Amino acid sequence: MNIDAILNRKVVYCRVDDDMELLQELIELFLEDYPQLMSDIHSAIQNNDANGLKSSAHTLKGSVSNFCAQKAVDAALKLEIAGGNEDLSTAEADFLTLQSSMTEVSSALEELARDCVS
């Protein structure tokens, strides 16, 4: 896997001042928390809850942006905007895009975490 195709490792390292232990902790926290946010986003879409979608997508966008994963940030932003506009007409398809991006991010972060301890 090419981690750098999914996130910007250089910027991530700068953000933690090359503290690999801190980075590993941040990755672990993110990997624990993001599945609940994905579930919240999906539930909001299923329940046609535009405000819930906006809020959950915004939270995920902020969290994943810490790792400079632009594709996932963009996908979360699209859902956040949809919720803000109360237009969930493409939300299911947009959620699938987000889900795919988050699978890539998760795999990249797991690999990055392994690199932190090497």
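**Starting from a serine**

Ser56 is buried, at a relative accessible area of 12% (buried means under 20%, exposed over 50%, and partly exposed in between, with a 1.4 Å probe and protein chains only). Before going further, a word on the ground rules. This is a predicted model, so local features need pLDDT of at least 70 and side-chain atom pairs count only at pLDDT 80 or more, while totals for chains, interfaces and linings use all residues. Residues are numbered from 1 along each chain as its sequence is written, and side-chain values use heavy atoms, with hydrogens and water left out.

Back to Ser56, which sits in helix α3, residues 50-65 (helices are DSSP runs of H or I with at least four residues, numbered from the N terminus). Leaving aside residues up to four places away in sequence, Ser56 touches Leu37, Asp40 and Ile41 (contact means heavy atoms within 4.5 Å).

Two packed helices are described by the angle between their axes and the distance between the axes. Helix α2 (residues 20-46) packs against α3 at an angle of about 155°, with the axes 8 Å apart; the axes are lines fitted to C-alpha atoms over the stretch in contact, and angles run from 0 to 180 degrees between N-to-C directions. That makes α2 roughly antiparallel to α3, a label for angles over 145 degrees. The crossing of α2 past α3 is left-handed, meaning that the near helix is turned anticlockwise from the far one by less than a right angle.

Which residues in α2 meet α3? The α2 side includes Phe30, Tyr34, Leu37 and Met38, and among the α3 residues they face as a group are Leu53, Ser56, Ala57 and Leu60. By class, the contact of α2 with α3 has 11 nonpolar, 4 polar and 1 charged residues (Ala, Val, Leu, Ile, Met, Phe, Trp, Tyr, Cys and Pro count as nonpolar, Asp, Glu, Lys and Arg as charged, and the others, Gly among them, as polar).

Now for the charges. Side chains of opposite charge can pair when their charged atoms come close. The model has 5 salt bridges, each a side-chain nitrogen of Lys or Arg within 4 Å of a carboxyl oxygen of Asp or Glu. Take Lys71 and Glu104, whose side chains meet in a salt bridge at 3.5 Å, N to O. Lys71 lies in helix α4 (residues 70-84) and Glu104 in helix α5 (residues 91-117), so this pair ties together parts that are 33 residues apart in sequence.

A salt bridge also joins the side chains of Lys78 and Asp94, at 3.3 Å, N to O. With Lys78 in α4 and Asp94 in α5, the pair ties together parts 16 residues apart in sequence. Lys78 is partly exposed at 49%, whereas Asp94 is buried at 9%. Elsewhere, salt bridges that share partners join Asp4, Arg9 and Asp115 into one network. Within it, Arg9 meets Asp4 at 3.2 Å, N to O.

Last stop: the loops. Asp18 has a positive phi of about 60° although it is not a glycine. Asp18 lies in the loop between α1 (9-15) and α2, and is exposed at 54%. Asn48, in the loop between α2 and α3, also isn't a glycine and has a positive phi near 55°. Asn48 counts as exposed too, at 59% relative accessibility.

Note on methods:
Helices (H or I, at least four residues) and strands (E, at least two) are DSSP runs, numbered from the N terminus. Angles under 35 degrees count as roughly parallel, over 145 as roughly antiparallel, 65 to 115 as roughly perpendicular and the rest as oblique.
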